[in-house]
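Hi everyone, thanks for making time.

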Amino acid sequence: QIAANPNVEICAMADGDWLRIEGELVEDDDAEEYEIPMAGIRVSYVLTEEEYFKCLKHSGIYKSQGTRGLIEAVVLGILAVIFFVVFFMTGGVSNIVFGCISLIFIAVLLVVPNLHMRSMAKSMADGKLIEAEIYPDSVEIGRDDGAWKIELDGTSRIQEFDNIIMIFADHNRSFAIPERAIDPDFLPEIKGILLAGTTPTYEE
C-alpha cells in the first residue's frame, strides 16, 4: 500500500490545538544503519563440579555409552543368574567362577564410566568465569578471541535438567546455564527466548 501511495499524514493534538504533518515516504535501503541495537541479557557464573558432572551425564557420547553399558549389564546379569542356578543344581566350580566374573564385569560397566565423568568434571571445574549475552536471535558466549555464538534459528537442541539449561550447538559444542545464575525476574523471558530459537529434546 505504501509503495502504491507513499503520501502520509500524521495528526496529533497539543494544548487543544490540532497538529498535522504531511509528507511522502521514501524507501531507504540503508535503514539498518540507523537501527538501535537491541541490548542483550547478560549472565555470568562459574559452573560447579557437580553441575559439570550433570552436564557430562547428558552429553551425547556419555548418554549413548550409558545406554549401551546398561544393556550389556543386563545381559551379563542374566548370564550370572544362569551360571549360579546351574551351579546350585549341578555343581561345578566353573559355573560359580563364570557367575562371579559376570558380576565383576557388571560392576566395571556401571562404575568406571561414572568415575571417569567425575574425574573430568573435577578437572573442568577450574573456577573459570563464564560470560554470555542472550539476544532474541542469538547467544554470544565469552569475549575476545575465545568468543563464539549460538544462532537461535532452530538448528541447536536444548534440554532442561536439574535446574540447568543446556544447548547443544553445531560442531559438538554445548553451552550450559544454571538457573541460579539468572535473575528470577528475567528467567521466564530467557527461557522463552531460548526455547523459541531451539529444538527441545527430552529424557529417554
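Some ground rules. This is a predicted model, where local features need pLDDT of at least 70 and side-chain atom pairs count only at pLDDT 80 or more, while totals for chains, interfaces and linings use all residues. Residues are numbered from 1 along each chain as its sequence is written, and side-chain values use heavy atoms, with hydrogens and water left out.

As for the names, helices (H or I, at least four residues) and strands (E, at least two) are DSSP runs numbered from the N terminus. Two strands pair if DSSP finds at least two bridges between them.

Back inside that sheet, strand E4 (residues 130-134) and strand E5 (residues 138-141) run antiparallel and are joined by three bridges. Look for Ala-132, which stands opposite Ile-141 in E5.

There's another open sheet of four strands, with the order E9-E8-E7-E10 and mixed pairing. Its edge strands are E9 and strand E10 (199-200), each pairing on one side only. Strand E7 (residues 157-161) pairs with E10 in the parallel sense, over two bridges, and Ile-158 stands opposite Pro-200 in E10.

Now, what is the volume of the largest pocket? About 840 Å³, taken as the space filled by probe spheres set on grid points joined across faces, edges and corners. A pocket here, on a 1 Å grid over the protein atoms alone, is an open set of points where a 1.4 Å probe fits, with protein on both sides within 12 Å along at least five of seven lines; lining residues have an atom within 4 Å of a point.

The largest pocket has 28 lining residues, and Met-124, Trp-148, Ser-174, Phe-175 and Ala-176 lie nearest its centre. Elements giving two or more residues to that lining are helix H1 (49-57), helix H2 (60-90), E4, strand E8 (164-168) and strand E9 (174-178).
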